[in-house]
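Trainee: I'm new to this one. Could you walk me through how to read it?

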Protein chains: 2
Amino acid sequence: MSEHQPTIFDKILAFLDIGPLADGHTLVIPKERKAHLHQLSDESAAAVGRVLPRLCRAVMRATGATDYNVLQNNGAAAHQVVMHVHFHIIPKFGDEGLGVHWPARKLADADARDLLARMRQALDTDGK
Amino acid sequence: MSEHQPTIFDKILAFLDIGPLADGHTLVIPKERKAHLHQLSDESAAAVGRVLPRLCRAVMRATGATDYNVLQNNGAAAHQVVMHVHFHIIPKFGDEGLGVHWPARKLADADARDLLARMRQALDTDGK
């Protein structure tokens with residue numbers, strides 16, 4: 001008789017993306033069926049977070065990559081295609097991998113104070 | 001006398017990006033000082049994962065965003081500028097937010113089998 005031994009993979013699955021941006025492009029998903037990260041339970045989100053470092057190490061060792069991006073998209077406008085939470089691990093080799101456009105601007109003090117007040121209130125009343 | 005009550009923020013910090021791509025662009029970092037995700041302890045990575053859903057909800061409620069990207073860059077070639085692990089939460093409003101270039105190709109069966117074998121071996125010998 002064998003008892004079930006809990007493992008780090010009880011709450012998550014990891015597999016290769018069938019449309020890779022680079023060799024070793026890997027997906028990590030919670031088994032919990034939610035479309036978007038803000039809908040996910042804390043426990044599933046922690047489980048995904050917990051396995052990321054070792055999966056990144058495995059991708060690096062399997063491919064020789066030294067640089068990589070971890071990306072998780074929410075909503076069609078943010079490039080989400082499959083509506084189940086998934087984290088991409090995407091090795092970067094020269095031009096191969098994730099292309100990023102970064103139109104940064106400056107954060108104004110007044111905007112920052114206003115945003116922070118609203119975010120603190122949202123956190124304080126989260127789930128209420 | 002007050003005792004320290006453990007909170008979800010013991011292991012992490014969250015703050016606004018001073019060079020936002022969109023209103024509400026937020027950073028989440030582990031207090032553990034590591035440059036890259038593959039160097040981070042499981043515990044710190046789990047703590048970051050655990051707070052992401054509630055922080056995404058707070059960003060959405062503070063800004064009205066419905067779509068957003070979570071991005072974590074590792075290495076200069078992968079657009080990392082500050083060498084301390086950080087996760088971006090970036091709201092997407094029309095053209096505002098993260099720009100992504102997605103040059104997907106097809107995963108060949110033989111490549112997949114070869115990659116998976118190397119990744120399984122890397123996981124089995126992780127830390128050894």
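Trainee: Through which surface do the copies meet, the same or a different one?

Mentor: Keep in mind that this is a predicted model. Here 100% of the interface residues of chain A are also interface residues in chain B, so the copies meet through the same surface.

Trainee: Now salt bridges. How many does a search of the whole structure find?

Mentor: Side chains of opposite charge can pair when their charged atoms come close. The search finds 12 salt bridges over all chains. One of them links B:Arg105 and A:Asp23 (2.9 Å, N to O). B:Arg105 sits in the loop between β5 and α2 of chain B and A:Asp23 in the loop between β1 and β2 of chain A, so this pair joins two chains.

Trainee: Which residues are linked with B:Arg105 in a network of salt bridges?

Mentor: A:Asp23 and A:Glu96 are. The side chain of A:Glu96 meets that of B:Arg105 at 2.3 Å, N to O, and this pair also crosses between chains.

Trainee: And B:His36, is that buried or exposed?

Mentor: B:His36 has a relative accessible area of 17%, which is under 20%, so it counts as buried. Among its contacts beyond four places in sequence are A:Tyr68, B:Asn74 and B:Met83.

Definitions and conventions
Residues numbered from 1 in each chain as written. Chains lettered and ligands numbered in written order. Predicted model: local features only at pLDDT ≥ 70, side-chain atom pairs only at ≥ 80, totals over all residues. Heavy atoms only, no water. Buried < 20%, exposed > 50% of the residue type's maximum accessible area, 1.4 Å probe, protein only. Contact = heavy atoms within 4.5 Å. Salt bridge = Lys/Arg side-chain N within 4 Å of Asp/Glu carboxyl O. Helix = DSSP H or I, 4+ residues; strand = E, 2+ residues; numbered from the N terminus.
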